[in-house]
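Subject: The two-chain model

Hi there,

Here is the model I promised you, with the sequence alongside. Have a look at it first, and then read on for what I found.

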Amino acid sequence: MVDWNLALKIFAFGLSTVFCSLGILIAAIYAFGKALKSFEKGQ
Amino acid sequence: MLDLILTTGVIHLTIGNLVMWLIAFLFIYLAIVKNYEPLLLVPIGFGILVVNLPLTFLMEEGQGLLWRFYHFGLEWEIIPPLIFLGLGALTDFGPMIANPKTLILGAGAQFGVYVSFFGALFLGFNIPEACSIGIIGGADGPTTIYTTVHLAPHLLGATAVAAYSYMSLVPIIQPPIMRLLTTESERKIKMRQLRPVSKREKILFPLVTVLVICLIVPASAPLMAMFMLGNLFKECGVVKRLSDAAANELMNIVTILLGISVGATMSAENFLKPQVILVFIMGLVAFAFSTAAGIMLAKFMNLFIKEKINPLIGSAGVSAVPMAARVSQIVGAKADPKNFLLMHAMGPNVAGVIGTVVAAGVFLALAG
């Protein structure tokens, strides 16, 4: 017997985690890109 | 005399063994003659052949040689992370850092993983088995193997072979879906040349990524940490020997062990089941949906962004590096021979690897 509650939890949590983690990574790439630019300008 | 005959394998052969020999010969033929994933299909095919020789006891628990490869290599989680170390040392994240929004396409292409997950549940598989089947849609062999060994080791042969087979069939599976979901004018969209990425950015990327991903999905750490370590070796420039070893010698050694261990799990009694055919069907469904989702997400993003992206690069989010990116380039070049999409497609392509590892981490955390 399939535990559909767990299946739905895996789907919802899984897909949102994939998008959130890659979204945060995008933000981090932009952030460290900007930080590097200002650091290089300061040098 | 009879006792002597009984010690030979010949009279213990079963029809199942013979069928598996045919499958082994088919794999070796496809690898050598058709050049389909030869680095894996040759050792897998040979592993299938020898594990289906009666009385060799190569997979005898605690004794057999191939059992030791399988147990210490795969069950102890050694081989897939080492493969990721080598992949990291071979991967250039530059195109993705230059255009970070393509990371979202790598996430979108994981949609097929969940379609196939539910498909497998409806076909009667349990949750851990469905996770192992769904992850085929990520088109990432080592991640599929890593997930299956944890969640449904009895399906390892089927999921691994399905993942690698579909990866080699990317140029056949993806183009019809890409053409179906895009218009001629969309396929002709030209993308601005990517900006150059500095060495500092490339060095920082693996450090930032390992922090972000492993904090959010700790279960993905074994694969993600090794992936990013390999990439740091490559980009930092001060450990060229380690980078070369990870990308070449080590990668080759673990590929041999991986291939023969996977093949060794495919004994007749394990593999000749109706379940295996369902695994292959659901794997194909996962692949097709992942391709379609990547393209549709790119089209959706185009509704909101100024600089349009060519939706063909969305299909590269299924990983299968670099084959899927090459397919984007080929299909794009057919619409406009002056359109160069390869480097743009490498962004979602490598992002797809990260996305698949995250999806696998969630499966392991919740279904393991």
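Let me start at the end of one helix: α4(B) is followed by E77(B), whose phi is positive, near 60°. Please keep in mind that this is a predicted model. E77(B) sits in the loop between α4 and α5 of chain B, and it counts as partly exposed because it has 15 C-beta neighbours inside 10 Å. Most residues other than glycine have a negative phi, and most peptide bonds are trans.

N35(B) also has a positive phi, near 60°, and is not a glycine. Its place is the loop between α2 (15–32) and α3 of chain B. N35(B) is exposed, with 10 other C-beta atoms within 10 Å. P322(B) belongs to the loop between α19 (274–302) and α20 (323–335) of chain B.

Back to helix α4 itself, which covers residues 65–75 of chain B. Its buried residues are L66(B), W67(B), F69(B), Y70(B), G73(B) and L74(B). Viewed down the axis of α4(B), these buried residues fall within an arc of 160°, so they line one face of the helix.

Setting aside residues up to four places away in sequence, F363(B) touches I10(A) and G14(A) from chain A, and C131(B), I135(B), T147(B) and L151(B) from chain B.

That brings us to chain A. It has one helix and zero strands, and its C-alpha atoms fill a box of roughly 65 × 10 × 5 Å along the principal axes. Of its 43 residues, 19% are buried. L25(A), found in helix α1 (residues 4–42) of chain A, counts as buried because it has 25 C-beta neighbours inside 10 Å. Beyond its neighbours within four places in sequence, L25(A) is in contact with L103(B), T209(B) and V212(B).

How many residues does each chain bring to the contact between them? Chain A gives 25 residues and chain B gives 32. On the chain A side, 19 are nonpolar, four polar and two charged.

One helix pair is worth a look in your viewer. The axes of α1(A) and helix α8 (residues 111–122) of chain B come within 11 Å and cross at roughly 175°, which means that α1(A) is roughly antiparallel to α8(B). A7(A), F11(A), G14(A) and L15(A) of α1(A) make this contact with Y114(B), F117(B) and L121(B) of α8(B). By class, the contact has six nonpolar residues, one polar and no charged ones.

Happy browsing, and write back with any questions.

Best wishes

Conventions:
Residues numbered from 1 in each chain as written. Chains lettered and ligands numbered in written order. Predicted model: local features only at pLDDT ≥ 70, side-chain atom pairs only at ≥ 80, totals over all residues. Contact = placed C-beta atoms within 7 Å. Nonpolar A, V, L, I, M, F, W, Y, C, P; charged D, E, K, R; others polar. Buried ≥ 20, exposed ≤ 12 C-beta atoms within 10 Å, placed from the backbone. Helix = DSSP H or I, 4+ residues; strand = E, 2+ residues; numbered from the N terminus. Arc of directions from axis to C-beta. Axes fitted to C-alpha atoms, helices over the stretch in contact; angles between N-to-C directions. Parallel < 35°, antiparallel > 145°, perpendicular 65-115°, else oblique.
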